[in-house]
Amino acid sequence: MKKICVLLMLGFLATLGVLGWFGYQSYTTGFSAKAEPNELEVLIARQVRHLAIPYENRRLRNPLPLTQDLLKDARAHFADHCAACHANNGSGDTVIGKNVYPKSPDLRLPDTQTMSDGEMFFIIQNGIRFTAMPGWGTGDPAKDRGSWELVHFIRHLPSITEEELQEMAALNPKTKHELEEESMIDQFLGGNDAAAGATGAHRH
């Protein structure tokens, strides 16, 4: 009985220590989204994410055969819908990706690449709670093809080429200012000298 009491006391003190450490970490960062999650937080979050995906979904395999045409469509999809947070090369090195909590993961690394097809598909469809990752599923199986294409593209990220990245850069959404600047450059190249000065204007 005494031994059980000692073990319970040690467990209580250990739990208290972990909670205190979390509290200290949170206090020192002020719950800032710019803070980096500590290793324990990352470990717990990944385990919870894994357990949150139903077993039958984890076992799913990509039903679409991998082709060059499929990858081309997926590149365009990723560049238009995902690159603002994840970057065209999947690094997460974007203004948004670096300033959310947790940061956008580097999709080229083993933490993502070792996930099953079904896990990737589930996350694209359902998102991840308490993160910036939204769920894109519509509930219509006929519209799931785009998400399965993205699974193939994510698998391709570690070997993506410079040529593919240049193609994607042309497909990224543009701001109003970028569209106006492109229009002025086109006018200048078309012989409208008045647009020359405007293209040199500097803005933030």
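1. Residues 24 or more positions apart account for 58% of the contacts in the chain with a separation of 6 or more, where contact means heavy atoms within 4.5 Å. This is a predicted model, in which local features need pLDDT of at least 70 and side-chain atom pairs count only at pLDDT 80 or more, whereas totals for chains, interfaces and linings use all residues. Residues are numbered from 1 along each chain as its sequence is written, and side-chain values use heavy atoms, with hydrogens and water left out.

2. The secondary structure comes to 12 helices and 0 strands, the elements being DSSP runs numbered from the N terminus (helices: H or I, at least four residues; strands: E, at least two). Of the 204 residues of the chain, 28% count as buried, that is, under 20% relative accessible area, with exposed meaning over 50% and partly exposed in between (1.4 Å probe, protein chains only).

3. Helix α8 (residues 117–126) and helix α9 (residues 145–156) pack at an angle of about 120 degrees, and their axes are 9 Å apart; axes here are lines fitted to C-alpha atoms, for helices over the stretch in contact, and angles run from 0 to 180 degrees between N-to-C directions. The two helices are therefore oblique to each other, given that angles under 35 degrees count as roughly parallel, over 145 as roughly antiparallel, 65 to 115 as roughly perpendicular and the rest as oblique. The crossing of α8 past α9 is right-handed, which is the term used if the near helix is turned clockwise from the far one by less than a right angle, anticlockwise being left-handed.

4. On the α8 side of this contact are D117, G118, M120, F121, I124 and Q125, which meet S147, W148, L150, V151, I154 and R155 of α9. By class, the contact of α8 with α9 has 7 nonpolar, 3 polar and 2 charged residues, with Ala, Val, Leu, Ile, Met, Phe, Trp, Tyr, Cys and Pro counted as nonpolar, Asp, Glu, Lys and Arg as charged, and the others, Gly among them, as polar. Leaving aside neighbours within four places in sequence, I154 is in contact with L107, T112, Q113, M120 and I124.

5. Helices α4 and α10 pack at about 50 degrees with their axes 9 Å apart, and that makes α4 oblique to α10. Their crossing is right-handed. K72, R75, F78 and A79 of α4 make the contact with E164, E167 and M168 of α10, and these residues divide into 3 nonpolar, no polar and 4 charged.

6. Which residues have the most contacts inside the largest nonpolar core? They are F78, V151, F153, I154, L157, I160 and M168, in a core of 23 residues, defined as a set of buried Ala, Val, Leu, Ile, Met, Phe, Trp, Tyr and Cys residues joined through side-chain atoms within 4.5 Å. The elements giving two or more residues to this core are α4 (68–81), α8, α9 and α10 (162–169).

7. N88, in the loop between α5 (83–86) and α6 (95–98), is buried, with a relative accessible area of 13%. E149 lies in helix α9 and is buried, with a relative accessible area of 8%. Not counting residues up to four places away in sequence, E149 touches L64, L70, D73 and A74.
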